[in-house]
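Hi,

Here is the model I said I would pass on. Have a look at it first, and my notes follow below.

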Amino acid sequence: MKFLIFQIMIFVPFALGMMLRKRCVTAPDFSKRLIRINLMTAEPLIILWSIWGLSLTRDFILLPIIGMVLVLLGMLAGRFIVPLLGFAPRSRASFLISSSIANQGYPMGGFLCYLMMGEEGLGISFIFTAYFMFCVFFLLFPYAQKVSSQSTYSLKFMKEFFINRQNMPIYAIIAALALHVLDIRRPDVYFPIDILLLVSIGIGYLSLGINFQIAGMRSAYRAHVSLAAIKFLIVPLAAFIIVETMYLDGYLKAVILLESFMPAAVYSVVTSVLFDLDAELASSLFVCNTLIFLFLVLPAVFVMKTPLLGL
C-alpha cells in the first residue's frame, strides 16, 4: 500500500506539472522556488531523522564507497560519450549529471531491495546510498554552478557555495553524525516521515513535469540511447567486476548489483533546474531512461535474479 501511494505521488504531480506548464508561463520559476523550499525544509528533516536512527557500524563501509565509485564511472563514461552528441555546455553538463547519479533511493532501488530481500535488503540499500547527498552537494552542485555561472573554482566561489541555505541537507547529515558521535539517542516519538517523504517526492516530480517536453524525447534520441548504454550496460558490468573481484556474496553482492541497474535520478533534473542548465533535456532523459528500465530492464532482472543476484 505504501509503495502504491508513493507511485501515485510520482505520477500525479508529474501530470499536474505538465498541465501547469501549459497554463502558466512562470511555471519554471515556480518550480525552482518549490525545489529550494524543499531543500530547506522537508528534505533535511527526513535526512536528520533517518540517519540519527541508524545503527552505524564499520561492517558495511565498503557499500557507500562502491556506490560512489559507480557514480564516478558513470560520469567518466558520459564524459567520453558527450562530445559525440554535439551539445552546448549547459546541455552537456545536464547529460553528465544524468549519467552519474541513479534512482537508488526508496521509491525505486530501495523498494526493489526490500521486495527481493526483505527488511535486511532495505537496510543494506540505505547504507549503500549513504554517499548520495555528499555526492550531490559536494560534487554535482558545485560543478553545475560552475557551468551555469561560468566561474572558476576559487576560494570565494567555494565559500559562496557551501554557506548557502539550499545546502541544508548537507548540514542535516553533519548534525546527525554529530548526534551519533555524542551518543545522543533518537527519541522514541512519532515523526511524520511518511508525510514528509510524500511532500518531498511530490515537489520533485511536480518540477519534473513542469520542465518535461515530449518533443525533447524525440529530438534527443542519441542521448537517450547513450544514457541507456551507460546505466544498463556499462555501470552494471563495472559493478559485477567489482563484487567478483572483492569476493562479496550474499545480500551485499545482491544489493550492489541490483542498485547498479537503476535509471537516472530525479536529482539530475533538480540540479539542472536549480542552476539553469538544460532542464528540459534532463527531464526528457529521466523519463525515457525510467521507462526503459520499467519495461525492459526490470523484467529481465526478475527473470535473471537467481543467476545474477544469487536470490
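What share of the contacts in the chain with a separation of 6 or more comes from residues 24 or more positions apart? The value is 85%, where contact means heavy atoms within 4.5 Å.

Before the rest, some ground rules. This is a predicted model, so local features need pLDDT of at least 70 and side-chain atom pairs count only at pLDDT 80 or more, while totals for chains, interfaces and linings use all residues. Numbering runs from 1 along each chain as its sequence is written, and side-chain values use heavy atoms, with hydrogens and water left out.

The chain has 16 helices and zero strands (DSSP runs numbered from the N terminus: H or I of at least four residues for helices, E of at least two for strands). Of its 311 residues, 50% count as buried (buried is under 20% relative accessible area, exposed over 50%, partly exposed in between, with a 1.4 Å probe and protein chains only).

On to the cores (a nonpolar core is a set of buried Ala, Val, Leu, Ile, Met, Phe, Trp, Tyr and Cys residues joined through side-chain atoms within 4.5 Å). The largest one has 88 residues, and Phe-95, Ile-101 and Tyr-267 have the most contacts inside it. Leaving out residues up to four places away in sequence, Phe-95 touches, among others, Ile-81, Phe-87, Leu-227 and Leu-285. There is also a second, separate core of five residues, including Ala-27, Leu-34, Ile-203 and Ile-210.

Phe-95 turns up again where two helices meet: Val-71, Gly-74, Met-75, Gly-78, Arg-79 and Ile-81 in α4 meet Phe-95, Leu-96, Ser-99 and Ser-100 in α5. The axes of α4 (residues 62–81) and α5 (residues 89–100) come within 7 Å and cross at roughly 145° (axes are lines fitted to C-alpha atoms, for helices over the stretch in contact, with angles from 0 to 180 degrees between N-to-C directions).

Now for α2. Its buried residues are Ala-27, Ser-31, Lys-32, Leu-34, Ile-35, Asn-38 and Leu-39. Seen down the axis of α2, they fall within an arc of 160°, so they line one face of the helix (the arc is that of the directions from the helix axis to the C-beta atoms).

Two backbone spots to check:

- Asp-183, in the loop between α9 (168–181) and α10 (193–211), has a positive phi near 60° without being a glycine. Its relative accessibility is 60%, so Asp-183 counts as exposed.
- Asp-276, in the loop between α14 (266–274) and α15 (279–303), also isn't a glycine and has a positive phi of about 55°. At 38% relative accessibility, Asp-276 counts as partly exposed.

Cheers
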